Amino acid sequence: MNMQTIRKEFTLNGIGLHTGKKVNLHFIPSDHGKVTFISKGINIDAHYDNVISTNFAVTLGRSGVSISTVEHLLSALHIFGIDSIYIEIDGPEIPIFEGSARIFVDAIKSIGTMDIDEKRTYFTVTEPFQVDMDDKYLLFLPSKKFEVKYTISFNHPLLDKVTEEFILNKKSYESKICFSRTFTFVNVIEGLREKGLIKGGSLDNAIVLDDDGIVNGDLRIENEWLKHKVLDLIGDIYLLGKPFMGRIVAYKSGHTLDVKAIRAISNHQRTVYAIPKPGYQFLPHFNK
Ligand SMILES: [Zn+2]
């Protein structure tokens, strides 16, 4: 299978979550084989080497230029097989839109994709590999599919030990994941506002919880918060610089552990193969 890019240029604009300012995103087809952001004339590849912060969101940076909140866009590009693209941005963060990846999916679907003259390779897992951080972990296992089993556990009646499992592809992503919004707590919002952050945050772009439950309406889907964590993970994993093929068991993961884990697995395993040929022996599939 060849790498893919978008069929033609398009632009999206929206408000940055933290700055509250309007940002324009200009998507440009390419054949250079990477996802590359361009800001102030500086090219920044979507790669873990360029991650400068994982606090609340993933921030990429190089030569004094930074771009924050790349994960929802990368998540949509990952699942929709966009290997090669330039994304020009005229502000410091990707707009939050309505707190999910839906706008990117809608745009990619309406513009369409096309092959470039380069073979796609996947990042595959050759042996079990686990990365821990405090009581959290990410376990990578070999699989011929992209699968995620995710557990969240927060000290809250709605978020205490919820586990779901997904086989990820365009269909499951569209029907369960891409529209799922991030969640936050009333007291976290107050703290961030006091610091002058989340100027572009509103009750429209996150599920807001207090001690008892949701304060801003209904969920779009059962366990929307968990599905959003999977959305984030898919975006973070794309910072490997290649689409991922394997099974991930995630326990209480987040951006910091996600990026730590992909750095570790890249250094530990020579796991970049072209799509395996029939007869390729994976290790036996096992659960945890
Ligand atoms: Zn997110």
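1. Is Asn223 buried, exposed or partly exposed? In this predicted model, Asn223 has 19 other C-beta atoms within 10 Å and is therefore partly exposed. Asn223 belongs to the loop between β17 and α5. Its phi is positive, about 50 degrees, although Asn223 is not a glycine.

2. Ile221 is found in that loop too, between β17 (207-209) and α5. Ile221 counts as partly exposed because it has 15 C-beta neighbours inside 10 Å. Once residues up to four places away in sequence are set aside, Ile221 touches Lys176, Ser180 and Lys227. Gly61 lies 160 residues from Ile221 along the chain, and 34 Å separate the C-alpha atoms of these two residues.

3. Another non-glycine residue with a positive phi is Phe97, where the value is near 50 degrees. Phe97 is placed in the loop between β9 (85-89) and α2. With 19 other C-beta atoms within 10 Å, Phe97 is partly exposed. At the other end of the helix, just after α2, Gly112 takes a positive phi of about 90 degrees.

4. The overall division of the chain should be noted next. The domain assignment gives domain 1 as residues 2-120 and domain 2 as residues 122-274. The centres of domain 1 and domain 2, taken over C-alpha atoms, are 18 Å apart. Domain 1 contributes 32 residues to the contact, and domain 2 contributes 33 residues.

5. Which elements give two or more residues to the side of domain 1 that touches domain 2? They are α1 (71-79) and α2 (102-111). Of the elements on this side, α1 gives the most, with 8 residues. Sorted by class, the side of domain 1 that touches domain 2 holds 15 nonpolar, 12 polar and 5 charged residues.

6. The helices α1 and α2 also pack against each other. Their axes are 8 Å apart and meet at an angle of about 40 degrees. The crossing in which α1 passes α2 is right-handed. On α1 the contact is made by His72, Leu73 and Ala76, and on α2 by Phe104, Val105 and Ile108. This contact of α1 with α2 comprises 5 nonpolar residues, 1 polar residue and no charged residues.

7. Where do the buried residues of α2 lie around the helix? The residues concerned are Arg102, Phe104, Val105 and Ile108. Viewed down the axis of α2, they fall within an arc of 165 degrees, so they line one face of the helix. The partners against which the buried residues of α2 pack are β1 (2-6), α1, β10 (113-119) and α3 (170-177).

8. Phe104, a residue of helix α2, deserves a separate remark. Phe104 is buried because 24 other C-beta atoms lie within 10 Å, where the threshold is 20 or more. Apart from neighbours within four places in sequence, Phe104 is in contact with His72, Leu73 and Ala76. Between Phe104 and Ile38, which are 66 residues apart in sequence, the C-alpha to C-alpha distance is 18 Å.

9. By class, the contact of α5 with α6 is made up of 4 nonpolar, 1 polar and 3 charged residues.

10. A last point concerns strand β12 (residues 129-133), in which Phe129 is placed. Phe129 counts as partly exposed, since it has 18 C-beta neighbours inside 10 Å. Phe129 and Phe183 are 54 residues apart along the chain, and their C-alpha atoms are separated by 29 Å.

Methods:
Residues are numbered from 1 along each chain as its sequence is written. This is a predicted model: local features need pLDDT of at least 70, side-chain atom pairs count only at pLDDT 80 or more; totals for chains, interfaces and linings use all residues. Domain bounds come from an automatic or database domain assignment. Two residues are in contact if their C-beta atoms, placed from the backbone, lie within 7 Å. Helices (H or I, at least four residues) and strands (E, at least two) are DSSP runs, numbered from the N terminus. Ala, Val, Leu, Ile, Met, Phe, Trp, Tyr, Cys and Pro count as nonpolar, Asp, Glu, Lys and Arg as charged, and the others, Gly among them, as polar. A residue is buried if 20 or more other C-beta atoms lie within 10 Å of its own, exposed if 12 or fewer, and partly exposed in between; C-beta atoms are placed from the backbone. The arc is that of the directions from the helix axis to the C-beta atoms. Axes are lines fitted to C-alpha atoms, for helices over the stretch in contact, and angles run from 0 to 180 degrees between N-to-C directions. A crossing is left-handed if the near helix is turned anticlockwise from the far one by less than a right angle, and right-handed if clockwise.
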